[in-house]
Structure formats: structure tokens, C-alpha cells
Amino acid sequence: MSSQSIIEWGNLTEQQQLDALLRPAMKDSVMLRDTVTKILSRVRENKDAAVFEYTKQFDGAQLSELRLDPAIIEQAESKIEAKVKTAIDIAYANIKTFHEAQIPQDIRIETTPGVVCEQKHAALEKVGLYIPGGSAPLPSTVLMLGVSAQVAGCELPILCTPPSPQGTIAAEICYAAKICGIQHIYLCGGAQAIAAMAFGTETIPKVDKIFGPGNSFVTEAKQQVSQVVSGAAIDMPAGPSEVLVIADANADAGFVAADLLSQAEHGADSQAVLVSNDRALIVKVQQQIGLQLTQLSRRDIASKAVDNSRYILTDSIEQSVLVSNAYAPEHLIVQTDNARDLLTTLKHAGSIFIGAYSPESAGDYASGTNHVLPTYGYARNYSSLGLLDFMRRYTVQELSREGLENIGDAIMDLADAEGLDAHRNAVKIRLTGLDLPCVSPEQADNADVNSDPIANSVSTIPSQTDGRVYIYTPVGE
């Protein structure tokens, strides 16, 4: 990472600035899309058989069952270190506290006398939680997704995560799932897992919505299934991890380097960006990265992210903010004097970490906020994951006759303006009846309702004004 050159933002053309902020995973997008489309199609058609096949191909695991034995989940607690169990318990408690504070309040209000409107909330029934595997198990992601589903009250949360070549998963993942009340864990990952949850297989139930981060294949799969009528909704495009740090001359270079490396070690397609108005600080950070990198157990992986890093020199902190807003990072760390003052101008970020003692790692694990965040610049129009993502809101309205009288004219006038007669009639018939031609009882009895399909919908309505019976046919839109 220290070998990367410094980009002088003010000397770039508009196109060069755009190029400087490109994500690495955006390369080969056509190949990525086509590959994922093929995987989704095969899983949709062949179900379990395709998932078994892809699990063997991509994870090297020859499985006989996709669902993890529930007994293994129960036994996980005894297989993890005491300090790890304690850490998971602390993180669980903080995440639960923060997400319980997000429980929405239902609303009931009388907008006009006799017109009562309500907004209510209900948990999604079936949710699919995707937990990346690969080179590092992520029990923290289990907590982020599992606690949210648990607090929301989702009826059936299922979890998919890729197995090791031996067909196992980390005990930490099992324990985190257990305390979140998750009993259904399936041994599959990648685009094939997303397809299985979206469309359902003989073993894996179809879910209403899919949550969780993943690599570029997972992200592409989520986006594709969300566009299929029979697929599933998704939380957000959450792909390879990324961080942007805004730092000034007074920032601690060691702190900044550590934050950049914390994202680089996620994977070769991760990206770390430093934006500073001080050249000397950038040079110090590059030196620190060279020193700290050698001490990392995942230095080989972190080193591969070097090509994706950016060091951007700006003319001012204000310009640094503009660069950050243009990039719209998943994680944004602000290590400047009076860092909190910048919050009003920082428009686009998944999660913001303010001050020297707020490392991104805190949000990843135990502060209580959710670490499932929009990447690829989607922080411009997507939010960080929260409790409401596991719920749906709906409205209720109840009108008395007085209420309908109070707003009836407005409804009918608006319906007239839009040319929707049936909408107008739905109000008018309740208030004054419809002005329709009178039909005698003999004519009504002799009507051959079978000779005309429209006649099947004929109804007799007693007038509220004169007691006579009228025949009317509902008008469709």
C-alpha cells in the first residue's frame, strides 16, 4: 500500500477524478453478470442438486445434507474459548440495546372528525441471512442480522454460510446464531445460496427478503433475484468492504494506517482510501502501513488490496469532504480537529466514525450499530441496516358516515379531475345513492344474466333517498 502514489485532486480533470474513485469490483461487470445469471438459473431449475454441485465446485465440500444438524448448533457453546464467548455476549447485548431502541411506534390519528388513520408495523415472516465465509468466519455478521430479526420478531430466520472443505462451519457462527434464536443453518454460500433463498429448493425454504454482505458475486446475485417477480427483496447492495478516511495534519498516522488496513484485510477486492489536505500526513501513513502490514496474520490478503488503495491530496478539508461525498463510502472515518463539526456537510456514507478513538472496528463488532452497510457508492440512496428493514409498515383507515361526509366532496372532485368515475361513485353511493335509471321488478326478474357476462355483476341497490330499487353495474378502471 505504501508504494501507491499520491493523487493531487486539484490537478485532475473531471473524468480523472471519476476514474480515481472507481471501485475495483466494477471491473469485468459483464462477465460477472453472466456468470451469476447462469448460477441462478441452474439453482432455480435443479434446486438442491445444483446447490450441492456448486458447493463442491466452489467450496470443495462434498455434502450429503444442506441443513446443519441442530445438535451441532446446541453444542457450539462448549467448543469456543471463554473469552470469545464473553466477547460475543457483550456484542450481542450492545447490538440488541441499540436495535430495541429502534422499535417503531404505531400511529393513530384523526385527520378530520370521523376520519381515523393508522400506521402499523409487522415483522417480515421469512428472512434469509447470508453470512460470508471464505478465509474468515464472521460471527459478528450473524449478530448484526440475527439480532435484528430477533428483535423485529421474524417468524422464520434462516442462515446460509459456505462450509469448509470438511463440510463444517465455525463454532462461533453457530453460537452467535443460537443466541439470536436461529435454528435453521444451511451449508452453502455465494450466488448459489442467494438463489436458493430467493427461489427455494427441496431443503431450503423460499424467503421474503435476503440480508447480508458478500463478495461481488453475492452482490450481483442479490440484485438479480430482487428484479425477478418470483424472487425476493433484498436489504441493499452490500459487496466488498471499503473505507475512506478524512484526516488533517494533526491526525495520528498510526491510527489512520490501522483503519485502512482493517478494511484491506477483508479481501483482495476491498478498497481503502485516504483523503487529506496534508502531504506530510499521507507520507507518514504510507510508512506506517508498510510497518503494520508485516505484523498482520492476513498480510497476504491485505497486500493484494494494495492496488485498490487511493491516497488523495486535497487543497482543504472542505475539498476532502467533497471527495468523500463523491465516493459515498461504506465506512467513513473522520480524524480531524473538531471532527463532529463536519457531520452537517458529510452527505453520503453508510456509517460515520467521529474522532481519533472511534475505529471502524467498533462498529464492526460491539458498539451496537449495524455493520451491514451499502457499498459501491450506494450510500447515496441506501441506508445502513436497521430494525425497520426486518419489518414492513402498513396503514389502516376507518371512516364514520360523518367522516365520509366531511371529505366526500374532496374525494369526488379529485376523482372527477382524474376521470375515474367508479372512484367517485364509491363515495356518492354511500352518501346520496347513484342516479341510475329505474328498472321494474319484472324487468329485473326476466333479465337473462347468463346471456351477458357483464350482467353477472348486476346488483340491486335500495336508494337511501326514495326507497326505490335501482339496477347498477360497477364501472371498472
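**Strand pairing and helix packing in the predicted model**

In strand 8, Ala233 is the bridge partner of Lys209. The model that contains this pair is predicted. Strand 7, residues 209-211, runs parallel to strand 8, and two bridges join them. Both strands belong to an open sheet of five strands, in the order 6-5-4-7-8, with parallel pairing. Strand 6 (184-187) and strand 8 (233-234) stand at the edges of this sheet with a single partner strand each, so one side of each has no neighbour in the sheet.

The protein as a whole has 17 helices and 16 strands. Of its 477 residues, 47% are buried. Among contacts between residues at least 6 apart in sequence, 74% join residues at least 24 apart.

Helix 9 (216-226) is mostly covered, with nine of its eleven residues buried. The buried residues are Ser216, Val218, Thr219, Glu220, Ala221, Lys222, Gln223, Gln224 and Val225.

Helix 2 comprises 18 residues, 29-46, and spans 26 Å from its first C-alpha to its last, close to the 26 Å expected at 1.5 Å a residue. Leu32, Val36, Ile39, Leu40 and Val43 are its buried residues. Viewed down the helix axis, the buried residues of helix 2 fall within an arc of 100°, and they therefore line one face of the helix. The cover over these residues includes helix 3 (48-59), helix 8 (190-199) and helix 9. On the face turned away from the buried side, helix 2 carries the exposed residues Met31, Lys38 and Glu45. Lys47 follows helix 2 and has a positive phi, near 55°.

A further parallel pairing involves strand 9 and strand 10 (residues 271-276), which are joined by six bridges. Within this pairing, Ile246 has Val275 of strand 10 as its bridge partner. In a regular strand, side chains alternate between the two faces of the sheet. Both faces of strand 9 are covered, with Glu242, Leu244 and Ile246 buried on one side and Val243, Val245 and Ala247 buried on the other. Six of the six residues of strand 9 (residues 242-247) are thus buried, so the strand is largely enclosed by the rest of the structure.

The largest cavity has a volume of about 40 Å³. Ten residues line the largest cavity, and those closest to its centre are Arg23, Pro24, Pro240, Glu242 and Asp269. Glu242 is also one of the buried residues of strand 9.

Lys428 is located in helix 16, which covers residues 421-431. Its relative accessibility is 15%, and Lys428 therefore counts as buried, the cut-off being under 20%. Leaving aside residues up to four places away in sequence, Lys428 touches Met412, Gly433, Leu434 and Asp435.

Notes. Residues are numbered from 1 along each chain as its sequence is written. This is a predicted model: local features need pLDDT of at least 70, side-chain atom pairs count only at pLDDT 80 or more; totals for chains, interfaces and linings use all residues. Side-chain values use heavy atoms; hydrogens and water are left out. Two strands pair if DSSP finds at least two bridges between them. Helices (H or I, at least four residues) and strands (E, at least two) are DSSP runs, numbered from the N terminus. The expected span of a helix is 1.5 Å times one less than its number of residues. Buried means under 20% relative accessible area, exposed over 50%, partly exposed in between (1.4 Å probe, protein chains only). The arc is that of the directions from the helix axis to the C-beta atoms. Contact means heavy atoms within 4.5 Å. On a 1 Å grid over the protein atoms alone, a cavity is a set of points where a 1.4 Å probe fits but cannot get out, and a pocket is an open set with protein on both sides within 12 Å along at least five of seven lines; lining residues have an atom within 4 Å of a point. Grid points are joined across faces, edges and corners, and a volume is the space filled by probe spheres set on the points.
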